[in-house]
Amino acid sequence: MPVLAVVGGQWGDEGKGKIIDLLAGRAHVVVRAQGGDNAGHTVVNPRGKFALHLVPAGIFNEQTRCLIGPGVALNPATLLSEMDELERRGVSTQNLIISARAHLVMPYHPMFDKLEEEARGAGAIGTTGRGIGPTYTDKLSRAGIVAGDLLYLERLRQKLDAAVARKNLLLERIYNAPLIDGDAIYQQYVGHAERLGQYVAESEPILEQAIRDGRTVLLEGGHGTMLDIDHGTYPYVTTTSCTVGGLLNGAGIGPRFLTNAIGVFKAYQSRVGAGAMPSELLDATGDYIRERGHEYGTVTGRPRRVGWFDAVAARHSMNVNGFHTIALTRMDILDELDELQICVAYEVDGARVEHFPSQIEDLARCKPVYEAVSGWKAPTGDAQDWKELPKQAQEYVRLVEESVGAPAGLIGVGQEREKTIFTGVFS
Ligand code: IMP
């Protein structure tokens, strides 16, 4: 039975948290598969409004096991404060499981994130500063410390000492920055081990059993396809694979088991951090959408850059993900506009470009080619099914479906759980 993947189709912040929260009710296991606390999911449900960064959104459902998978960069301090906040508000975290393979964000990773950003100068990526890039750098150089090490303190100490010696050389010789103290970090992580050790487990048998028993497994994506390390707007990307393939790999589930890949797209788009975005709105309409949509980062509070729906980028997203269906969110934000635009192609030096360029320098030269669509000028927030959506809003959804190449199974018309239209495309 089903393995579902919910993946951001654009530059992150598409409203995946709400979709995952909705679907998690039927899931036996919800898996966060990649990224770290650089991601932020806002969930609004009958228990209140929650900003989740690491805890999978299935946590609100008592029957659901919530796995932080092998591909995650896990900051134990952030996780603990998120767990404490959930418990304080009456949400149990006893169903949390941490894969022993997940790499740990160590206190020196955010330090290096900041130092590296400073060193990039004008070419800064605009990272969230959470140390995620440096954590994955250590993982790829096979010098990382994993959650499983929290169960063996001697091993933790040895790995930490080796890491601290290397980091201090870099701090001293390259960055001319204050050195770090391995003892203090060790004491801090012994504390984390005491609290988190009970959640660390081998995640493979849990997923194997769930799939064998025909239970629903929901893979919860972080970030968005255009921030993917391989397929995004490199170098203005995050450091994991945020696509469907990346999620399967980060969770440890083979592609054969996948039944529904859901691409989440906002009815417009946004991004935080630097890098080209051809359909960016730098005018009053952009400001209006930002304010009406409260488009400020959940992790850093930075204002998000907003733009019209980019169908060229959406097709690229479809090609690398192979979505079966899409979820189109935040339609209500556009309710009052007279006219909307969809970016259907780019133009470079007078020539029409139909594909998404791989090189950021080429993307930066792309001018948007727009197709105008009339606005619906009516509130969509109370629509309970497709027929109740204004005709122009239906046409807008159809245009997005055509440009992505997949039908919309869900349409979001407000922040709350119930403000969602299920079109019947997936049950
Ligand atoms: P990092 O992931 O902190 O290294 O940041 C790299 C880029 O990805 C920056 O432009 C961030 O703003 C962006 N980014 C990372 N995670 C998210 C997310 O969940 N939503 C939106 N942007 C993100």
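Is Thr-420 buried or exposed? I looked this up to begin with: Thr-420 counts as buried, because its relative accessibility is 8% and buried means under 20% relative accessible area, with a 1.4 Å probe and protein chains only.

A note on what I am reading: this is a predicted model, where local features need pLDDT of at least 70 and side-chain atom pairs count only at pLDDT 80 or more, while totals for chains, interfaces and linings use all residues. Residues are numbered from 1 along each chain as its sequence is written, and side-chain values use heavy atoms, leaving out hydrogens and water.

Next I checked the surroundings of Thr-420. I found Thr-420 in strand S20, residues 420–422 (strands are DSSP runs of E, at least two residues, and helices are runs of H or I, at least four, numbered from the N terminus). Leaving aside residues up to four places away in sequence, Thr-420 touches Lys-18, Leu-22, Leu-410, Ile-411 and Val-413 (contact means heavy atoms within 4.5 Å).

Then I turned to helix H5, residues 153–175. I noted its buried residues, among them Leu-156, Leu-160, Ala-163 and Val-164. The buried residues of H5 pack against helices H3 (108–120), H4 (132–140) and H6 (182–196). Just after H5, I saw that Asn-176 takes a positive phi of about 50 degrees.

Last, I looked at H3 and H4. Tyr-108, His-109, Phe-112, Asp-113 and Glu-116 in H3 meet Ile-132, Pro-134, Thr-135 and Asp-138 in H4.

Technical notes. Buried means under 20% relative accessible area, exposed over 50%, partly exposed in between (1.4 Å probe, protein chains only).
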